[in-house]
Amino acid sequence: MSEAREQILATIRRGLQRGPLAGERREQLEARLAQPPRNLIPARAALPPAEQVELFVTLALAAAATVERVADLAAVPAAVVAFLSREGLPTDLVLAPDPDLTALPWDGQPTLHIERRAAVDGDKTCVASAFAGIAETGTLMLLSGPHSPTTLNFLPDTHIVVLRANRIVGAYEDAWSRLRERGQGMPRTVNWITGPSRSADIEQTIQLGAHGPLRLHIVLADP
Amino acid sequence: MHPTSQTFKANASAALHDAALQRALKNLKSGFPGKRAAAIAKLPEFDALRDAGRDLKNHVLEHLDFYLERFEAQVTAQGGQVHWARDAAEANRIVLDICRAVEARTVTKGKSMVSEEIGLNDFLAANGIEPIETDLGEYIIQLRHEHPSHIIAPAIHLNRDQVADAFHAHHGQYGFTERNENPRALMSEARQVLRQRFLNADVGITGANFCVAETGTTVIVTNEGNGDLTQILPRVHIVLASIEKIAPTLEDVSTFLRLLSRSATGQEITVYTTFSSGPRRPEDVDGPEQFHVVLLDNGRSGMLGGEFQDMLRCIRCSACLNHCPVYGAIGGHAYGWVYPGPMGSVLTPQLIGVDIAGALPNASTFCGRCEDVCPMRIPLPAMMRHWREREFERHLSPAGFRFGLRAWAFFAQRPKLYQSITRIAARVLRWLGGRNGRIKSLPLAHGWTAWRDLPTPQGQTFQQQWAARQEKRS
């Protein structure tokens with residue numbers, strides 16, 4: 001135990017006029033951490049699922065993301081090809097090595113050149129899969145892991161994220177509940193992403209594409 | 001950073017006469033307050049959330065030792081390391097030792113006010129390690145050898161032509177030989193230059209907006225994505241956090257996040273909110289191999305239990321700066337240290353001493369806007385008054401001011417005398433003002449009359465009016 005640590009904790013306790021917490025008070029705090037209570041949650045996202053999806057789309061668009069709805073996951077590859085062609089983007093893709101993503105019918109899109117790995121410098125377009133979408137602010141939630149390298153979310157110019165409509169929740173707290181239900185603890189990185197990268201550091205004028213992706217395209221697949 | 005708060009009056013005067021600064025400050029006034037108001041109008045629960053945020057942070061501060069220990073235990077359990085630093089020198093030394101252990105030559109940095117507070121860049125550079133700021137605003141001011149003038153918009157004191165000059169002077173070596181004033185082109189240039197620096201850095205240093213005790217997680221919010229490239233590409237990620245950044249749980253951090261960006265930029269949420277827990281896992285294919293958190297005290301623990309404890313609720317959103325008439329007139333550099341505006345006027349005397357920074361709590365019109373907009377409901381004007389009292393107690397205020405205050409106190413404690421003196425003074429002032437009712441100059445009050453006329457008192461004194469009113473009632 002470092003001297004600095006002991007001294008800082010001692011000064012805190014002196015200020016609070018007590019010793020280390022013990023007994024009932026400590027148990028209350030332990031209980032609060034074990035079962036985190038929810039604080040005030042804005043009513044805006046307390047909606048039936050279909051309306052949560054609508055709210056998510058509206059707010060993601062407001063944050064300058066683009067959103068395309070497709071009938072099911074199998075329709076994702078064709079939608080990605082159409083998006084790249086519409087935007088005049090190259091057909092080289094880096095795909096997150098996620099079994100759910102790699103299992104999609106990419107073979108039906110012969111124009112694509114696909115690699116399944118983490119991102120490296122120079123990658124133009126990456127495709128990843130979102131763990132959840134949060135309707136409250138149109139926010140994507142991505143978890144790091146072997147199937148979902150974090151570099152895919154930040155290095156490419158174009159970030160395409162596949163989100164299933166039934167993964168959309170209302171409030172931030174609902175997203176944390178889903179993460180806890182997953183039962184694997186906190187991943188190294190949880191990324192909440194709301195629109196493409198931007199900066200207003202030059203004369204307070206917002207410009208898209210600062211250091212992260214210039215474009216964020218969400219392919220929203222039913223169900 | 002060497003403070004210049006002692007010369008606040010001269011700094012402020014220079015700022016008022018700096019045409020480029022005054023031009024740049026217009027961007028502040030036309031931007032943030034309107035955007036904040038619009039965002040809040042869309043969230044009917046905002047004021048109730050402010051109450052919740054205030055109560056939550058009070059709960060954290062009352063149990064800060066417990067939560068810090070839990071945070072440390074959780075970081076450690078995930079393979080990270082927590083380092084405790086009592087002051088700037090200890091924090092700098094810890095960071096240097098981590099960098100040296102991996103033979104680091106370059107360090108990329110996300111925006112961190114704690115890093116400014118401890119003067120990390122100068123310290124690393126003096127020890128042969130190159131720090132590279134990656135937030136666009138921070139990068140611009142690093143090229144200009146300046147410090148941030150605003151917490152979330154560090155280069156708000158600059159205009160595009162100044163940015164163009166800085167890039168033109170430094171980017172030739174990367175093949176950018178043409179001077180460009182277009183903000184979009186300037187940003188694209190910085191993106192290309194900094195991308196290589198991200199990829200080559202040995203260590204990445206970020207701040208933390210919050211430290212979650214439940215999970216041992218540090219949280220940063222950014223719009224650029226620079227904080228993320230800073231922490232996922234190098235082998236080592238160091239987080240600099242001050243001890244009051246604790247949020248107990250992920251639910252609690254969600255409450256703070258709803259307040260932070262709306263109060264700051266008027267966004268519903270920033271583009272990137274990143275939750276980092278430990279180093280990369282064995283199965284991961286990217287991410288840092290080492291994860292360190294440096295917890296800095298630097299005088300904060302001493303604020304607990306005292307009249308400045310509420311200041312530790314601050315989440316550094318900048319709303320108080322954005323709405324302050326003083327900040328809006330002079331910008332951030334005039335305050336002379338790291339934290340400007342109303343929050344700086346309260347925090348700076350605590351961190352560097354009221355003898356050096358005593359002018360700051362006096363730089364207030366007491367309009368109360370800062371408290372009105374503070375998402376954590378910090379009573380900033382009341383705390384500035386506390387500092388003024390301390391300054392007076394410690395005989396730090398100027399002699400003329402002290403004499404005046406004592407003279408006033410003498411009369412205020414003798415109501416009869418006070419009333420007759422004010423009656424006489426009102427008559428004299430009316431006489432001095434003559435027929436047009438305005439006084440153009442007055443002995444001992446040159447500071448007022450040099451800039452504006454003093455209107456003469458109208459009618460009776462307050463006490464006379466009050467007495468008359470009471471009589472009427474009975």
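Into which domains is chain A divided? Chain A is split into domain 1 (1-37) and domain 2 (46-221), with bounds that come from an automatic or database domain assignment. The centres of these two domains of chain A, taken over C-alpha atoms, are 40 Å apart.

A few words on how to read this. This is a predicted model, in which local features need pLDDT of at least 70, side-chain atom pairs count only at pLDDT 80 or more, and totals for chains, interfaces and linings use all residues. Residues are numbered from 1 along each chain as its sequence is written, while chains are lettered from A and ligands numbered from 1 in the order in which they are written. The model scores ipTM 0.98 and pTM 0.93. For chain B, the average pLDDT (the predictor's confidence in each residue, from 0 to 100) is 94, and 100% of the residues score at least 70.

Now let us visit one helix of chain B. Helices here are DSSP runs of H or I with at least four residues, numbered from the N terminus.

Which residues of α18(B) are buried? They are B:L380, B:P381, B:M383, B:M384, B:W387 and B:E391, where buried means 20 or more other C-beta atoms within 10 Å of a residue's own, exposed means 12 or fewer, and partly exposed lies in between, with C-beta atoms placed from the backbone. On the other side of α18(B), B:E389 and B:E393 are exposed.

Definitions and conventions. Helices (H or I, at least four residues) and strands (E, at least two) are DSSP runs, numbered from the N terminus.
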